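Please keep the structure open beside the text as you read.

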Amino acid sequence: LPSLLAVLPLAQAIVVYTDKEVHGAVGSRVTLHCSFWSSEWISDDISFTWRYQPEGGRDAISIFHYAKGQPYIDEVGTFKERIQWVGDPHWKDGSIVIHNLDYSDNGTFTCDVKNPPDIVGKTSQVTLYVFEKVPTRYGVVLGAVIGGVLGVVLLLLLLFYLTRYCWLRRQAALQRRLR
């Protein structure tokens with residue numbers, strides 16, 4: 001048995017990538033990105049499946065499926081007519097857009113990719129948070145404050161050196177007149 005295992009190549013699992021979390025505003029749209037890595041060529045039988053588990057819910061429901069070159073959008077349920085396929089399997093992209101966001105869309109979305117014969121691998125999850133207005137991230141605020149302070153310091157330095165330059169020129173002109 002060990003010699004047989006040494007002959008068989010080790011299978012490489014498909015790896016799926018999504019953002020960790022995405023924020024959106026009520027009434028707007030959000031793109032849920034899904035990409036993957038596979039050791040195989042892109043198969044004609046490639047499939048993408050998106051599932052949704054509401055915040056605080058136990059069960060995940062299938063909301064989107066792509067197979068045989070066709071997107072299949074759930075015709076019933078909360079996402080009916082709000083999902084748009086924007087992925088491209090040739091670019092290893094299984095992204096979807098959710099339109100007209102609502103608070104009830106808060107939850108976890110799972111992207112699963114199968115690229116036969118490469119079908120073994122973990123799914124990837126992205127959590128959607130819907131707000132009245134998309135919150136400004138702390139880093140953006142901190143960056144703006146630091147940038148503002150640096151701008152004021154540079155302006156003060158410029159004014160100091162400009163004033164000094166003008167004062168020295170005036171002193172030099174007075175010295176020439178006194179000679």
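## The disulfide

A disulfide is counted here when two cysteine sulfur atoms lie within 2.5 Å of each other. By that rule the count comes to 1 disulfide: C34 and C111 are joined, with their sulfur atoms 2.0 Å apart. The model is a predicted one, in which local features need pLDDT of at least 70 and side-chain atom pairs count only at pLDDT 80 or more, while totals for chains, interfaces and linings use all residues. Residues are numbered from 1 along each chain as its sequence is written, and side-chain values use heavy atoms, leaving out hydrogens and water.

The torsion about the S-S bond of C34 and C111 is about -80°, so this disulfide is left-handed. C34 lies in strand β4 and C111 in strand β10, so the pair ties together parts that are 77 residues apart in sequence. Strands (E, at least two residues) and helices (H or I, at least four) are DSSP runs, numbered from the N terminus. How buried are the two cysteines, as relative accessible area? C34 has 1% and C111 has 0%, and both count as buried. The classes are buried under 20% relative accessible area, exposed over 50% and partly exposed in between, with a 1.4 Å probe and protein chains only. Another cysteine, C166, is partly exposed at 45%.

## Strands and their partners

Two strands are said to pair if DSSP finds at least two bridges between them. Strands of a sheet pair through backbone hydrogen bonds, either parallel or antiparallel. In this model, 3 strands form an open sheet in the order β3-β9-β8, with antiparallel pairing. Its edge strands are β3 (30–32) and β8 (83–85), each of which pairs on one side only. From one strand to the next the twist averages 25°, taking axes as lines fitted to C-alpha atoms (for helices over the stretch in contact) and angles from 0 to 180 degrees between N-to-C directions. The antiparallel strands β3 and β9 (residues 96–98) are joined by 3 bridges, and L32 stands opposite I96 in β9.

Strand β1 (residues 14–18) has two faces: I14, V16 and T18 are on the covered one, V15 and Y17 on the uncovered one. Which strands does β1 pair with? Strand β11 (residues 121–122) runs parallel to β1 and is joined to it by 2 bridges, with G121 as the partner of I14. Strand β4 pairs with β1 in the antiparallel sense over 4 bridges. There the bridge partner of T18 is C34, the cysteine that also forms the disulfide with C111.

## Salt bridges

Side chains of opposite charge can pair when their charged atoms come close. The cut-off used here is a side-chain nitrogen of Lys or Arg within 4 Å of a carboxyl oxygen of Asp or Glu, and the structure holds 3 such salt bridges. In one of them, K68 meets D45 at 3.0 Å, N to O. K68 sits in the loop between β6 (61–67) and β7 (70–73) and D45 in the loop between β4 (34–37) and β5 (47–54), so the pair ties together parts that are 23 residues apart in sequence. K68 is exposed at 62% relative accessibility, whereas D45 is partly exposed at 41%.

D105 and R82 meet at 2.8 Å, N to O. This pair links distant parts of the chain, with D105 in the loop between β9 and β10 (107–114) and R82 in the loop between β7 and β8, 23 residues apart. Both D105 and R82 are buried. D112 also forms a salt bridge with K114, their closest N and O atoms being 3.4 Å apart; D112 is buried at 12% and K114 is partly exposed at 26%.

## Backbone spots worth a look

Where is the cis peptide bond? It joins P116 and P117, with omega about 10°, and P117 belongs to the loop between β10 and β11.

E81 is not a glycine either, and its phi is positive at about 60°. E81 lies in the loop between β7 and β8 and is exposed, at 70% relative accessibility.
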